[in-house]
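This briefing concerns the contacts between chains and two local features of one chain. The structure is shown first, and the points are then grouped by topic.

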4 protein chains.
Amino acid sequence: MLKTAVLGGSGYTGCELLRLLNDHPEVEVTAVTSERLAGTPVSSNFLNFRNTSLKFEPLILEKLVKKADLFFLCLPHKTSQETVAFLNNAGKKVIDLSADFRLKSAKVYEEWYQTPHLFSPLLNKAVYGLPEIHRELIKDASIIANPGCYPTSAILGLAPVIGTDFVNTDSVIIDSKSGTSGAGRTPAQPFMFCEVNESVKAYGIAVHRHTPEIEQELTGIAQKDIGIIFTPHLIPMDRGILSTMYVRLKNKISLSDIQKLYNEFYHDEPFVRVLNDGVYPATKAVKGSNFCDISVFMDKRSSDEATLIIVSAIDNLIKGASGASVQNMNLMYGFEETAGLLSSPHSP
Amino acid sequence: MLKTAVLGGSGYTGCELLRLLNDHPEVEVTAVTSERLAGTPVSSNFLNFRNTSLKFEPLILEKLVKKADLFFLCLPHKTSQETVAFLNNAGKKVIDLSADFRLKSAKVYEEWYQTPHLFSPLLNKAVYGLPEIHRELIKDASIIANPGCYPTSAILGLAPVIGTDFVNTDSVIIDSKSGTSGAGRTPAQPFMFCEVNESVKAYGIAVHRHTPEIEQELTGIAQKDIGIIFTPHLIPMDRGILSTMYVRLKNKISLSDIQKLYNEFYHDEPFVRVLNDGVYPATKAVKGSNFCDISVFMDKRSSDEATLIIVSAIDNLIKGASGASVQNMNLMYGFEETAGLLSSPHSP
Amino acid sequence: MLKTAVLGGSGYTGCELLRLLNDHPEVEVTAVTSERLAGTPVSSNFLNFRNTSLKFEPLILEKLVKKADLFFLCLPHKTSQETVAFLNNAGKKVIDLSADFRLKSAKVYEEWYQTPHLFSPLLNKAVYGLPEIHRELIKDASIIANPGCYPTSAILGLAPVIGTDFVNTDSVIIDSKSGTSGAGRTPAQPFMFCEVNESVKAYGIAVHRHTPEIEQELTGIAQKDIGIIFTPHLIPMDRGILSTMYVRLKNKISLSDIQKLYNEFYHDEPFVRVLNDGVYPATKAVKGSNFCDISVFMDKRSSDEATLIIVSAIDNLIKGASGASVQNMNLMYGFEETAGLLSSPHSP
Amino acid sequence: MLKTAVLGGSGYTGCELLRLLNDHPEVEVTAVTSERLAGTPVSSNFLNFRNTSLKFEPLILEKLVKKADLFFLCLPHKTSQETVAFLNNAGKKVIDLSADFRLKSAKVYEEWYQTPHLFSPLLNKAVYGLPEIHRELIKDASIIANPGCYPTSAILGLAPVIGTDFVNTDSVIIDSKSGTSGAGRTPAQPFMFCEVNESVKAYGIAVHRHTPEIEQELTGIAQKDIGIIFTPHLIPMDRGILSTMYVRLKNKISLSDIQKLYNEFYHDEPFVRVLNDGVYPATKAVKGSNFCDISVFMDKRSSDEATLIIVSAIDNLIKGASGASVQNMNLMYGFEETAGLLSSPHSP
């Protein structure tokens with residue numbers, strides 16, 4: 001059994017990760033940390049975990065380092081930097097769920113996160129952990145930068161076409177709708193029940209920190225600079241991200257040819273489901289699972305250029321965070337890629 | 001007191017209209033129809049209306065015509081056609097909340113609604129009832145085609161800029177998110193609680209019937225052909241539409257200049273609130289009111305051309321349907337435009 | 001125009017009160033306080049109040065006292081005590097929405113609220129502001145202790161029978177279900193969206209502070225000691241309280257006789273609606289209104305004694321708090337009792 | 001691999017059962033029926049099942065009987081009667097999720113379900129499938145009457161005390177709150193999103209069909225006639241039942257003694273979790289799992305007799321229906337009792 005530890009396990013991502021690791025056939029969790037809850041049982045923080053005997057402990061790396069071989073970091077960005085560096089230095093493998101090692105350029109990181117990157121030499125060692133794009137690199141990685149939730153839904157939706165010569169990459173628009181668990185578990189008025197319920201709003205227009213991450217990966221796939229317009233929205237539900245993407249088409253190409261492209265691109269992927277023509281993704285259809293559902297539509301009437309409309313749906317806590325980190329672990333350790341991740345979506 | 005009748009009053013739009021008319025100082029409701037519920041008290045259909053003595057009656061126009069001077073039609077499209085014609089012929093005024101008289105071209109109507117228009121000569125007599133655009137025509141109208149909910153949110157959001165020379169009208173994108181009351185009250189599996197709750201999905205991509213209505217009005221404002229891409233989404237809440245609109249900019253213009261344009265355009269409007277720079281509209285902030293909140297953002301980083309991102313929020317049952325019809329009535333009869341419509345939004 | 005001030009206006013109760021006062025024909029609001037938000041516009045705290053020019057000010061009584069004749073206090077309990085005393089001393093009328101003057105016995109107050117009552121001589125001067133029970137006293141009162149939300153739903157449900165000789169008052173059970181706005185607007189993890197949504201739980205069993213308040217009023221009505229069992233529950237919605245009450249019957253009496261009793265008891269009440277036999281109250285049917293809906297059922301099969309099951313529904317922020325305070329004001333100042341409170345419930 | 005078939009698989013219970021069987025290590029599903037959807041893929045009915053190749057087929061027993069050894073029946077009551085009889089006659093094992101074989105008395109069945117029982121001799125052969133009460137009988141059963149959702153939550157909550165001599169069994173009250181999936185998937189206005197959302201209501205007071213089922217089992221456990229008062233409520237969430245139960249105590253007994261009793265009663269149960277003193281069950285803490293959480297409270301202040309307040313929480317689709325049927329299958333076939341049922345609750 002692989003020994004794993006979860007650093008920063010008191011939030012929703014940590015909780016979901018513990019749930020998945022708990023049900024995983026090949027691993028055991030030997031430590032969970034939380035500064036705030038140190039000393040208390042994990043089961044009293046998460047009502048759903050009443051049948052575990054784990055206790056939260058403080059983040060004392062010198063002590064923790066001996067307890068596990070693989071460390072999952074659900075720490076805030078910035079705190080993650082030095083923790084990754086310490087563990088890497090100690091020869092441990094790390095899957096970092098924060099944003100600290102996602103951007104290859106320290107300069108871009110510093111610009112968007114307004115904090116220096118103190119361990120920039122490690123940025124090249126870190127692999128962006130989206131298996132559908134970087135599977136081979138992940139297998140050999142010792143530091144995984146686990147993707148953000150919005151980026152996962154956007155990159156998977158755009159990857160099959162962004163590098164083709166029939167799309168106009170000038171004005172790619174990503175309009176995303178997210179459930180509230182993505183905002184985390186720290187009490188704040190905007191995420192109180194009565195503020196979120198029965199309302200929808202946009203936020204972070206033109207300034208959301210997931211923007212450069214999406215651009216970096218799309219640029220890598222397309223092999224040319226890709227800029228995007230990204231608008232996240234908060235909607236009244238626990239889980240799920242639906243991204244609606246708009247890409248203008250330069251040349252004549254049929255919808256069925258594009259659908260074929262998607263089907264081929266994701267043919268062997270265990271967790272990406274390209275839906276049949278005309279079927280709409282819904283976040284409920286992926287809730288509780290590691291699936292990403294994608295469907296492609298075309299609007300040919302509005303202008304000379306047709307516009308491709310791609311819709312993707314994920315569970316933000318699973319494929320958008322903790323499930324993806326387990327998938328990365330499976331690749332790193334040679335487990336079945338789907339191990340611990342096969343549970344079907346729940347409905348309703 | 002103006003005598004009014006509501007034809008087709010058993011759905012959500014009819015219910016909301018009855019509530020507003022009930023609280024209106026200048027009118028009385030003398031008849032409400034419903035084929036299905038004829039003979040039963042209105043109060044037993046809508047739990048919230050227990051203190052009214054009105055009963056539903058069948059739609060017998062010969063009988064109803066004598067009961068009122070102004071008729072609100074909340075009937076399905078197609079049924080509305082002949083009802084409007086009959087009442088117009090009898091010299092009565094009509095506010096039609098269906099789609100039957102919104103499109104000026106019978107051909108476009110027939111194409112999108114797949115049914116013949118049997119009273120096309122009346123199309124020119126009908127006025128598209130969006131006061132912010134057609135106030136003067138509404139005052140003298142005898143047939144009002146009350147706007148659709150999505151079109152109201154989209155047209156109000158785009159009207160100040162769509163006719164300017166600094167916008168590129170080639171690829172206007174409208175990404176709308178709607179609460180479920182817009183789908184009506186007739187039982188159907190996709191709108192059952194457990195299907196809608198905890199999920200978000202797109203629908204009607206490139207085929208939604210509100211598309212030509214938005215295009216017609218934007219074309220009228222811009223004085224040139226405007227084609228749009230419109231993607232509606234269903235989200236788990238009762239009321240509210242948030243539309244996020246993307247328009248590319250051809251020339252250099254500052255965000256503050258555009259905000260000024262919006263403030264001037266809506267300066268005297270009682271129900272349109274242009275929010276301060278950086279404040280995001282939320283449907284909860286307009287819930288229960290006739291307000292439309294609008295905010296304008298700009299993304300300058302993604303390409304050579306900056307993109308304007310406009311967000312608008314309305315209560316789909318009020319400003320998007322019944323409230324708008326009351327506002328139209330106020331204009332037609334010389335009442336205060338805001339009569340019966342001043343109640344503040346509810347929060348939470 | 002009556003000059004009123006709202007002290008502690010940044011929470012949900014304050015917000016709802018401001019909305020109601022704003023729409024009231026006889027009053028104006030001259031001051032609103034909030035320590036935390038002093039200096040900021042009311043409209044930036046509550047998105048729905050964008051069209052007011054009021055600003056929050058700090059709670060400086062010496063300054064505020066001159067600004068109004070009637071003061072609404074939405075302050076936390078304990079803070080309210082001295083504020084009521086100060087204003088009363090200055091000859092002002094006060095409607096206190098906190099719990100500080102609801103309990104006639106300082107001893108009981110101190111036991112349940114774990115804090116001394118420093119102004120106990122005023123307890124007798126204060127009138128418990130439930131108009132259906134204390135209307136005449138309210139008219140002449142200068143201090144109103146505005147009832148708690150749960151007590152309003154429970155007392156109105158039980159008042160018609162609790163003093164009759166056919167009920168067994170030994171084990172009155174009140175099982176209440178409340179929306180989340182009752183928990184207030186201060187950020188706290190248990191009321192975050194993802195904690196409340198998709199869940200129901202009981203809380204405060206046998207220790208909830210509304211218990212002695214219900215007992216005091218039922219004791220007053222019945223003219224004998226009434227003890228109750230009260231179990232509140234938190235459910236995933238914004239507004240509304242449904243209370244299901246169980247009372248055993250000692251003597252044979254028919255359901256229709258009891259329903260007659262309820263109808264007579266509430267015959268002239270503008271805001272209590274006794275529903276027809278077999279019709280179930282629903283919180284949605286009173287949402288946005290000052291109504292209390294009540295329905296009475298009987299279970300004759302389970303034991304020798306039949307059990308009466310009474311269900312009541314209110315909007316906790318209106319009839320359960322701010323609406324009730326406006327109703328009290330109307331009585332105190334000789335306005336129409338229903339002034340500013342006639343808006344119909346919203347549906348959906 | 002055990003061959004199983006699901007008859008009536010197009011509703012929520014059938015869907016959840018298919019999900020559980022799909023993830024079960026010891027079984028395969030060889031047939032799923034639906035009259036309405038016969039011929040269509042299971043994956044197009046349930047969005048979450050896109051990766052199954054099963055197709056719905058019509059309910060032709062002669063054909064189906066050869067396809068499996070164990071049949072799960074998610075058919076409406078009445079239809080189930082003859083299907084159970086046919087399969088039993090053919091020597092097959094049956095787990096019937098309808099109400100048809102739960103009541104031992106055909107007379108009581110006919111009274112509450114208003115339809116004759118045509119196969120009453122089989123009633124004695126059928127075992128009420130609540131493992132915590134009838135585990136040994138279940139192991140040898142060929143017909144399992146799978147318990148109703150409300151009864152499961154109520155019986156498990158009351159079983160440890162209902163037969164003791166310190167409780168007064170005269171007026172046991174069960175006040176239950178259920179999510180909406182319990183109402184099934186057939187379109188009906190009362191269960192439309194906008195009717196259920198933001199509302200809570202009681203229904204079926206004194207007439208709900210789960211009443212005799214609860215009474216039969218409690219009577220069996222207590223070895224004396226038990227009558228109950230049962231009030232179900234509908235609340236705005238997908239899944240979960242919380243039952244709050246009130247039992248008067250005749251003799252002095254401490255809460256800790258009763259808690260000890262509960263802990264002992266459920267000591268070896270894999271799916272019943274007795275919570276620590278003062279911890280409240282919440283449906284979210286069992287969502288997606290086969291757990292039943294129970295907590296016990298006491299109110300000593302309201303009368304001479306103390307009252308025991310027991311709160312239980314289950315996921316109505318799992319422990320309240322499909323999960324229970326899998327647990328029963330595990331017992332019948334000698335699999336691990338927890339096989340396929342160990343997934344942790346989801347949070348949020």
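Contact here means heavy atoms within 4.5 Å. The model is predicted. By that contact rule, 51 residues of chain A touch 51 residues of chain B, and 36 residues of chain C touch 36 residues of chain B.

**Interface of chain A and chain B**

- About 4,100 Å² is buried between chain A and chain B, and 59% of this area lies on carbon and sulfur atoms.
- The interface of chain A and chain B holds 6 salt bridges. Among them is the pair Arg301(B) and Glu215(A), whose side chains come to 2.6 Å, N to O.
- Polar contacts between chain A and chain B number 29 residue pairs, with both residues at pLDDT 80 or more.
- Several elements of chain A give two or more residues to the side that touches chain B, including helix H8 (193-196), helix H9 (211-222), strand E10 (228-234), strand E11 (241-249) and strand E13 (292-299).
- E8(A) supplies the largest share of that side of chain A, with 6 residues.
- The side of chain A that touches chain B is made up of 24 nonpolar, 13 polar and 14 charged residues.

**Symmetry of chain A and chain B**

- Chain A is superposed on chain B by a rotation of 180° with 0.0 Å of shift along its axis, at an RMSD of 0.0 Å. The two copies are therefore related as by a two-fold rotation axis.
- Within chain A, Pro236(A) has the C-alpha nearest the axis, at 3.3 Å from it.
- Both copies use the same surface, since 100% of the contact residues of chain A recur in chain B.

**Interface of chain C and chain B**

- Chain C and chain B bury about 2,700 Å² between them, with 49% of it given by carbon and sulfur atoms.
- This interface has 2 salt bridges. One of the salt bridges joins Asp238(C) to Lys284(B), with the closest N and O atoms 2.7 Å apart.
- There are 10 residue pairs in polar contact between chain C and chain B, both residues being at pLDDT 80 or more.
- Helix H1 (residues 12-22) of chain C gives the most to the side of chain C that touches chain B, namely 5 residues.
- By class, that side of chain C comprises 15 nonpolar, 10 polar and 11 charged residues.
- A rotation of 180° with 0.0 Å of shift along its axis also places chain C on chain B, with an RMSD of 0.0 Å. Here too the same surface serves both copies, and 100% of the contact residues of chain C recur in chain B.

**Helix H1 of chain A**

- Helix H1 (residues 12-22) of chain A is mostly covered, with 9 of its 11 residues buried. Among the buried residues are Tyr12(A), Glu16(A), Arg19(A) and Leu20(A).
- The buried residues of H1(A) pack against elements of chain A that include strand E1 (2-7), strand E2 (27-33) and helix H11 (318-333), and also against helix H8 (193-196) of chain C.

**Lys319(A)**

- Lys319(A), a residue of helix H11 of chain A, is buried, and its relative accessible area is 0%.
- A polar contact of 2.9 Å links the side chain of Lys319(A) to the side chain of Gln327(A).
- When neighbours within four places in sequence are left aside, the contacts of Lys319(A) include Pro131(A), Glu132(A), Thr152(A), Leu156(A), Phe291(A), Cys292(A), Ile314(A) and Gln327(A).

How values were computed
Residues numbered from 1 in each chain as written. Chains lettered and ligands numbered in written order. Predicted model: local features only at pLDDT ≥ 70, side-chain atom pairs only at ≥ 80, totals over all residues. Heavy atoms only, no water. Buried area = accessible area lost by both parts, 1.4 Å probe. Salt bridge = Lys/Arg side-chain N within 4 Å of Asp/Glu carboxyl O. Polar contact = N/O pair within 3.5 Å; in protein donor to acceptor, adjacent residues only side chain to side chain. Helix = DSSP H or I, 4+ residues; strand = E, 2+ residues; numbered from the N terminus. Nonpolar A, V, L, I, M, F, W, Y, C, P; charged D, E, K, R; others polar. Least-squares fit on C-alpha atoms with pLDDT ≥ 70 in both. Buried < 20%, exposed > 50% of the residue type's maximum accessible area, 1.4 Å probe, protein only.
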